[in-house]
Amino acid sequence: MISKTMEAALNHQIALEGYASQYYMAMASWCDREGFEGAAQFLHFQSEEEREHMLKIFHYLSEVDGFAITPAIEQPPLEFKNIQEVFSLVFEHEKKVTKSINDLVAICYKEHDYNTLNFLQWYVEEQREEENQARSILDKINLIGEGGQSKYYIDKELTKFYQAALAKEAAGEEGA
Ligand code: FEO
């Protein structure tokens, strides 16, 4: 049986992952409107990933006899200044999620909850990858800069990130 402290902390994480899914979906919609098709595909894919992150904790909580709480749907921002801002916000949100996962790990030690500690190892690894990915995208956008055809080149790069994410997912499914 999971402790009430751990249960509450995991429910907080469920809400955070659920919000990330909504947030990235809103960003995808903005990108679509602005003609960034590759970026929109990438963000829709990330939005689905975040929903999976949320559900993985949801099912874990049920498995350990906890109460998984379905979070409220919070309205994310719908408008963004530019594509740089979109991916700066993605990076900031990923850093926030990493901090939250690290806090959960600290609670596991405090509560002597080694099952949850073991469960969270996947998230620790995933956050290292997602933070690194967001940082790489931002670096690329900054490198391309703002002149002439920059929007075209930025979107081309985002299409590559999307394809790489798809390939990684397919490889994971084959290995499963
Ligand atoms: Fe599930 Fe990108 O944090």
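The following legends describe close-up views of a predicted model.

**View 1. The largest nonpolar core of the predicted model.** This core comprises 29 residues, and Met27, Cys31, Phe42, Leu43, Ile83 and Phe87 have the most contacts inside it. Two or more residues come from each of helix 1 (4-33), helix 2, helix 3, helix 4 and helix 5 (150-175). Helix 1 makes the greatest contribution to this core, with 8 residues. A separate core of 21 residues lies apart from it and includes Ile57, Leu61, Val64 and Leu120. In soluble globular proteins, nonpolar side chains tend to be buried together.

**View 2. The surroundings of Phe42.** Beyond its neighbours within four places in sequence, Phe42 is in contact with Phe87, Gln133, Ile137, Leu158, Phe161 and Tyr162. Phe42 is among the residues with the most contacts inside the largest nonpolar core, and Phe42 also lines the largest cavity.

**View 3. The largest cavity.** A search of the whole structure for cavities of 30 Å³ or more returns 1. The largest cavity holds about 60 Å³ of space. Its lining is formed by Tyr24, Phe42, Gln46, Val90, Glu94, Glu130, Gln133 and Ala134. At least two lining residues are supplied by each of helix 2 (37-63), helix 3 (83-111) and helix 4 (114-144), and helix 4 gives the most, with 3 residues. By class, the lining consists of 4 nonpolar, 2 polar and 2 charged residues.

**View 4. The largest pocket.** About 510 Å³ of space lies in this pocket. The pocket is lined by 20 residues, of which Glu49, Glu126, Glu129, Lys168 and Glu169 are the closest to its centre. Helix 2, helix 4 and helix 5 each contribute at least two residues to the lining. The lining contains 9 charged, 6 nonpolar and 5 polar residues.

**View 5. The second largest pocket.** The space in the second largest pocket amounts to about 270 Å³. Among its 14 lining residues, Gly18, Tyr19, Met54, Pro71 and Ala72 lie nearest the centre. Helix 1 and helix 2 are the elements that give two or more residues to this lining, and helix 1 gives the most, with 6 residues. The lining divides into 8 nonpolar, 4 polar and 2 charged residues.

**View 6. Cys31 and Cys108.** Cys31 has a relative accessible area of 0% and is therefore buried, the cut-off being under 20%. Cys108 is likewise buried, with a relative accessible area of 0%. The structure holds 0 disulfides. Cys31 is also one of the residues with the most contacts inside the largest nonpolar core.

Note on methods. Residues are numbered from 1 along each chain as its sequence is written. This is a predicted model: local features need pLDDT of at least 70, side-chain atom pairs count only at pLDDT 80 or more; totals for chains, interfaces and linings use all residues. Side-chain values use heavy atoms; hydrogens and water are left out. On a 1 Å grid over the protein atoms alone, a cavity is a set of points where a 1.4 Å probe fits but cannot get out, and a pocket is an open set with protein on both sides within 12 Å along at least five of seven lines; lining residues have an atom within 4 Å of a point. Grid points are joined across faces, edges and corners, and a volume is the space filled by probe spheres set on the points. Helices (H or I, at least four residues) and strands (E, at least two) are DSSP runs, numbered from the N terminus. Ala, Val, Leu, Ile, Met, Phe, Trp, Tyr, Cys and Pro count as nonpolar, Asp, Glu, Lys and Arg as charged, and the others, Gly among them, as polar. A nonpolar core is a set of buried Ala, Val, Leu, Ile, Met, Phe, Trp, Tyr and Cys residues joined through side-chain atoms within 4.5 Å. Buried means under 20% relative accessible area, exposed over 50%, partly exposed in between (1.4 Å probe, protein chains only). Contact means heavy atoms within 4.5 Å. A disulfide is a pair of cysteine sulfur atoms within 2.5 Å.
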